[in-house]
Amino acid sequence: MQKITILIHCEDKKAIIASVTNYIASIDGNITYLDQHVDPDENVFFMRLECELSKADWKIEAIKSHFQTNLAAPFNMTWAMYPQDEKPKMALFISKYDHCLYDLLGRFSAGELPLEIPLIISNHEDLKSVAERFDIPFFYVPFTKDTKEEGEKAQIELLKRFDIDFIVLARYMQIITPKLIELYQNRIINIHHSFLPAFPGAKPYHSAFKRGVKIIGATSHYVTEELDEGPIIEQDITRVSHSHSIEDFITKGRDLERMVLARAVKLHAERKTIVYNNKTVVFS
């Protein structure tokens, strides 16, 4: 039985839900999940649905063509369709921090993330042993101001070779190039502390400690050319007080980074996000 997930957004009009559900029924499909949202300010309709098709001879490309002609075109839909048995391929970009890397690899090994990890790319060799421990190919790609063009070329060649669907920056401490962002639009996920832009720089937790903040947080978002301004996928916070040390701030912050990034990766891998106007609609 073919199981597929469909993401849709278009101008809000009458009878969209009825047309979609009737269409699925017309091709002997059974809807197992459906969620929808309307943005009244933009007059945009969003939908995510999962369904099962009883016809064993349906091929995904034939389904897509049929869907485009019979449903998407009349409503001028922007849409995507994914077979549920095909897991997306994720590339991890890392530098020297290992907390997010260990967390994602641990969750992946435990079967918590519905994806594949064909490779890890790093601008340092410090964490190569971690990749080897989890039996994932590791590639060292130097990336500095002087080697940016060569680094970008090597990154793109690796991503194409391993047929990568999306990229996760697990505390990768380099700015992603515009060309790579264009190739993977809304498919590069980053994690950072939520102090930006109030506490930029290399030691945000030290700055927050000196300022005496009462809440710290983490934000995961899609990468755009505007640094740390991309569509937000997931966020969380925790409270701190005068009794906490800088080390406490850093520990709490890294715990949040782990959890928030893992949630964002899972949401993306499960096809539960739609990006529109630099915002995300995140389905439950």
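Student: Is Glu182 buried or exposed?

Tutor: This is a predicted model, where local features need pLDDT of at least 70, side-chain atom pairs count only at pLDDT 80 or more, and totals for chains, interfaces and linings use all residues. Residues are numbered from 1 along each chain as its sequence is written, and side-chain values use heavy atoms, with hydrogens and water left out. Buried means under 20% relative accessible area, exposed over 50%, and partly exposed in between (1.4 Å probe, protein chains only). Glu182 has 64% relative accessibility, so Glu182 is exposed.

Student: Which helix holds Glu182?

Tutor: Helices (H or I, at least four residues) and strands (E, at least two) are DSSP runs, numbered from the N terminus. For Glu182, the run covers residues 178-183, which is helix α6.

Student: What charge does the surface patch with Glu182 carry?

Tutor: Patches are made of residues with over 30% relative accessible area and no salt bridge, with like charges joined within 9 Å and nonpolar side chains (Val, Leu, Ile, Met, Phe, Trp, Tyr) within 5 Å. Lys and Arg count as positive, Asp and Glu as negative; His and the chain ends are not counted. Each charge is placed at NZ of Lys, CZ of Arg, CG of Asp or CD of Glu. Glu182 gathers on the surface with Glu225, Glu226 and Glu229, and the patch charge is negative.

Student: How many salt bridges are found in the whole structure?

Tutor: A salt bridge is a side-chain nitrogen of Lys or Arg within 4 Å of a carboxyl oxygen of Asp or Glu. The search of the whole structure gives a count of twelve.

Student: Why are Lys64 and Glu61 separated by about one helical turn?

Tutor: Their side chains meet in a salt bridge, 4.0 Å from N to O. Lys64 is partly exposed at 25% relative accessibility, while Glu61 is exposed at 53%. The separation is about one turn because the two lie in helix α2 (residues 60-75) and are three residues apart.

Student: Is Asp103 buried or exposed?

Tutor: Asp103 and Arg107 are four residues apart in helix α3 (residues 99-109), about one turn. Their side chains form a salt bridge at 2.7 Å, N to O. Arg107 is partly exposed, with 25% relative accessibility. Asp103 has 16%, so Asp103 is buried.

Student: How many residues apart in sequence are the parts tied together by Arg171 and Glu257?

Tutor: The side chains of Arg171 and Glu257 meet in a salt bridge of 3.1 Å, N to O. Arg171 sits in the loop between β8 (166-169) and α6, and Glu257 in helix α8 (residues 246-269), so the pair ties together parts whose spacing in sequence is 86 residues.

Student: Which residues do salt bridges that share partners join into one network?

Tutor: The network includes Asp103 and Arg107.

Student: Which residues does His99 contact, leaving aside neighbours within four places in sequence?

Tutor: His99 is in helix α3. His99 is buried, at 5% relative accessible area. Contact means heavy atoms within 4.5 Å. The partners are Arg171, Arg254, Glu257 and Arg258.

Student: What is the relative accessibility of His9?

Tutor: His9 lies in strand β1 (residues 2-11). Its contacts beyond four places in sequence include Val44, Met77 and Tyr276. His9 counts as buried because its relative accessibility is 14%.

Student: What is the phi of Asn278?

Tutor: Asn278 lies in the loop between β12 and β13 (279-282). Asn278 is partly exposed at 42% relative accessibility. Asn278 is not a glycine, yet phi is positive, at about 65 degrees.

Student: Where is Arg271 found?

Tutor: Arg271 also has a positive phi, near 60 degrees, in a residue other than glycine. Arg271 is buried at 17% relative accessibility. Its place is the loop between α8 and β12 (273-276).

Student: What separates the C-alpha atoms of Pro231 and Ile189?

Tutor: Pro231 is in the loop between β10 (215-222) and β11 (232-239). Pro231 is buried at 1% relative accessibility. Pro231 and Ile189 are 42 residues apart along the chain, and their C-alpha separation is 9.7 Å.

Notes. Areas by Shrake-Rupley, 256 points an atom, 1.4 Å probe, with all protein chains shown as cover.
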